[in-house]
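Please read this short report with the sequence and the model open beside it.

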Amino acid sequence: MPDLQIEDLHVRFSGVVALNGVSMEIREGEIFSLVGPNGSGKTTLFNCVSGFVKPHHGTICYGGLDLLSQPPHRIIDAGISRTFQNLQNVPYMTILDNVLLGNHSRIDNWETVRRWLSRDQRESEEQAVLKVLDFLGLANYEQKYLSGQPYGIQKLVEVARSLVSRPKLVLIDEPAAGMNDQETMEIAKIITEIRDDLGITVLVVEHDMSLVMSISDRVCVLDSGNIVTVGNPDEVKEHPDVISAFLGEGAVA
Amino acid sequence: MKIRNIILLTLLVALFLGCAGREPTPGVTDSEILIGNIQDLSGPMKELGMALPHGSNLYFNYINGKGGIHGRKIKMVIEDHQYNPQKAVAAAKKLVEQNQVFCFYQVIGTSPCEALRPTLEEYEIPLIAPATQSGTMSDRSRRGWKYIFHTDTGYDKQANILVDYAYEQNGDAKVGVIYQDDDYGANVLKGIAEAEERHGITVQKEAYQRGATDFAGQVMNLLKGGTTHVIIGGVVREPIIVMKTAAAMSYAPQFLGISPTMDHRVVLGAGKEGEGFIVANFAQLYNSDAEGAKLYRELFENSGTDPKVMGMYNFYGFMTAMVLVEGLERAGKRLTRARLIRAMEGFKNWDGMGVFPGISYGPSDRAGTESVVLVANRGGTQQIISDWIE
Amino acid sequence: MKSRYADENLSWIAPLVLLVIAIPFLIRGVTFSYRYYLYVLNIAGIYTILAVGLDILSGYTGLISLGHAGFFAIGAYTSAVLVDQAGIPFGLSLIITPIITGFFGLVVGFPALRVSGMYLGLTTMGFGFIARRLIIALRAWTEGSAGLEVSNPVLFGFEFASDWANYFLIFTFVVAVVVVARRVMNSKIGRAFMAIRDSERAAEAAGVNLTRYKLLAFFMSAVLAGLAGVLFAHTMRFISTDHFDILLSIYFIIMILVGGVGSIYGAVLGSVFIVLLDFLLIPAFKDWMALFVAIEVADIQSLIFGLIMFLFIIFQPMGLYGVWLKMRIYWKLFPFNPKKRFT
């Protein structure tokens, strides 16, 4: 079973505790959300999983593989991809190439050489991208340069890049940040479809509580590097600490 | 496709035009000889790049005023190479093909001149009096040697003579050399090596990098080695600092300089520490009694140029202009490049109104002068203290 | 599903190759001084190869190099020594020398894994100086800074002995380098390079091994500089350390800046433009100026260079290639006003 198992994770940044003994398990096929105020350690957790941050203590295992022993660029080979909170795109590449970048580890050197010579290879590489773009409603955007596209599109391109390599688990960092209501609904739909149609486990960090509550199977609430509670959205909503700490008095209604 | 047809048509037209004929021997008309000069007008040596042609033009104007050479006036075109060898080659091709110059003259700098060799060979065009004292210019193992007539005594020969001079002065002399770690220094070392072999001695060698301003280490080594005569292969700043450093260490060997240290600024800069500094020079000074020097002073004063720049660089341009004019004179009325080369090869101890020790060329000899005079700093003025030494 | 895939339009390559072949004939047709123009074009061609390499490193991968004159010099001297002293044929040196230079690229690339930006600029600049000192120190082979005479290129028994022959030799390589570089940049490798430039994080998350690809960029760039060096040494037939100073490295940076950073065609346009400007236009401008004013115009070169770079960075950061792209879009969209698209 490729579950993501996180055990007793400790991370400190020059004295500031970012994660303080966090353990959790993300099960295959679920949509799991991390919520919490700024600085509660959500993104640090993401960075630990994708190898950018090495924790001082703890383990992260995915399907029997110790992720912490892997350099960042090998994480995607384990079937885990991610998006970023701030856009991390290549503005002066076409959307097609931006998404193709996500397929980097899936294209071997021989295919690269073939690509230089044969149109067929180039075409088949691009088919995978076109499928993902169609899936995300970005059909016919592929030849456009990313630079100058609206924020929402750029955000979707990041998602497309993380999906094109057909991962088993995708980490999505604040998908709805900076989006209007309509776009947020769109994102919610897409996240659900990623799980339902593509069968990919999704781990989301998000501020927008209504989005989290509507799509998640389980929610984990973090505060100052500690887990407040883990449970399905209804349980979390009812949890007294959560209500007082983050949601405020009227939030339940 | 239309575009393809147009391109093919253009190609055909170009081919047709490309087969057109070419002009006969260039640069010489009934009233004019056009010569090409490639100077450094905006690079590290631009100071010289302005002065040398100015001096040359003094003499050319004088000759033109007297009716020219076989009725032809000399006209000099100057291009800028910025001390970049590649630009020197581009400028040379431009001068040959667009300006149609008859020959090259006075191109400055060792590496630009060396870079010109294939071009000289390609167009079979001579280069008279390149403005560099590197002995490699007259090296017959190099490509295109036939087209280069080098006037000055090479650095190697100068160093060689200076070592001789040291031993003449003091049979127990211990000679040291401070040299620049580049082509200039390499050429100096070549001469030192010859002298070492001849005298059966070892010269203490201290290198410095181009642009160095601290010579304490080198001077200290020479002091420790008990050196009595120090040859300085520098330009202007180096001899000044070396002599001042030595004075500060109460170390007083006889300092000897290669010709680039002739610059009057060395005398001014070194002050009393520079007293007695002896420099090898390949020609008479501009303020000497030689006929050529007198003529130079007269022309210079009449030209209305700032008398401050009267010194060696303008005079150097003037001297080499005499060589070129003599060569053109000897080549005769029916001037061709081959005839100029043959005429130049006929030089035998030609002294240019007394300013040169005697320039000789031959069918396989491209080194003009091979002697020097020694110039000493006596109380802030440069005085000649020897005859021509070979 | 019907393919929406649009391959690169290559139909212009044949006319362009024909044009490259036609240019020397055209020049010879209209002027007697064709060798002068060909010489300048040959320099432009050699610099184009190098600028493409520099663009791969600095434009695509975002690793600034102020030491490319060093790679260029190593290529030139290595080939001169291999061919003239070790007796290796020119054709073989064309293969060996760029690889040797490429290894120097790897050596310089290692510090690049740790430093970036300004510091990398200084590191590579230091390499440029070291390369020059090294050449001077290896006097036994290189004749120090006195310069080295180099033999003509000989390929398959044919000796390239004139600017005319050299033109075809050099521009064969220019066309090959441009075509291959575009193909490579338009693949996994190019995407990884650009990702490293714009976001190392995204690149790593996508599976790009930063160490390997940064070193690869240095290697490829140094290989092309080495190739340019080989062609330079044997077609110019004289090399000296005076060629390869820090100013030359800066000259290369200006080329890719003016041409348009991060595009192969930009590097080509930039190097041809700068060389023509430097060798033909500015001297012509100086001559023309001299007709009217008697002022000293010797230093105008650096002034014009500075001005051009300034204007490009302020008004046209995408360089000459950007200008071309805009013109093309303009004509496509005509009569609609496309102004708003480029603000």
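## Overall form of chain C

Chain C has 14 helices and 4 strands, where helices (H or I, at least four residues) and strands (E, at least two) are DSSP runs, numbered from the N terminus. This is a predicted model, in which local features need pLDDT of at least 70 and side-chain atom pairs count only at pLDDT 80 or more, whereas totals for chains, interfaces and linings use all residues. Residues are numbered from 1 along each chain as its sequence is written, while chains are lettered from A and ligands numbered from 1 in the order in which they are written.

The C-alpha trace of chain C spans about 60 × 55 × 45 Å along its principal axes. The radius of gyration of chain C is 21 Å, which agrees with the value near 20 Å that a compact globule of 343 residues would have; this radius is taken over C-alpha atoms, and the globule rule is 2.2 Å times the number of residues to the power 0.38. Of the 343 residues of chain C, 52% count as buried, a term that requires 20 or more other C-beta atoms within 10 Å of the residue's own, with C-beta atoms placed from the backbone. Among contacts in chain C between residues at least 6 apart in sequence, 75% join residues at least 24 apart, and two residues are in contact if their C-beta atoms, placed from the backbone, lie within 7 Å.

Helix H12 of chain C covers residues 264-292, which makes 29 residues. From its first C-alpha to its last, H12(C) reaches 40 Å, close to the 42 Å expected at 1.5 Å a residue; the expected span is 1.5 Å times one less than the number of residues.

At C:Leu277, H12(C) bends by about 45°, the bend being the angle between axes fitted to the seven residues ending there and the seven starting there. The buried residues of H12(C) include C:Ile264, C:Val268, C:Leu269, C:Asp278 and C:Phe279.

## How the chains meet

There are 2 pairs of chains in contact, and chains B and C share the most contacts. In that pair, 36 residues of chain B are in contact with 33 residues of chain C. Helices H1 (2-18), H3 (85-99), H4 (110-123) and H6 (183-199) of chain B each give two or more residues to the side that touches chain C, and H1(B) gives the most, with 9 residues.

Between chains A and C, 33 residues of chain A are in contact with 25 residues of chain C. On the side of chain A that touches chain C, H4(A) gives the most, with 5 residues, and by class this side has 13 nonpolar, 10 polar and 10 charged residues. Here Ala, Val, Leu, Ile, Met, Phe, Trp, Tyr, Cys and Pro count as nonpolar, Asp, Glu, Lys and Arg as charged, and the others, Gly among them, as polar. Chain A and chain B do not touch, and their nearest C-alpha atoms are 24 Å apart.

## Two domains in chain A

The domain assignment of chain A gives domain 1 (1-79 + 167-253) and domain 2 (88-165), with bounds that come from an automatic or database domain assignment. Taken over C-alpha atoms, the centres of these domains of chain A are separated by 26 Å. Their contact takes 12 residues from domain 1 of chain A and 9 residues from domain 2 of chain A.

How values were computed
A residue is buried if 20 or more other C-beta atoms lie within 10 Å of its own, exposed if 12 or fewer, and partly exposed in between; C-beta atoms are placed from the backbone.
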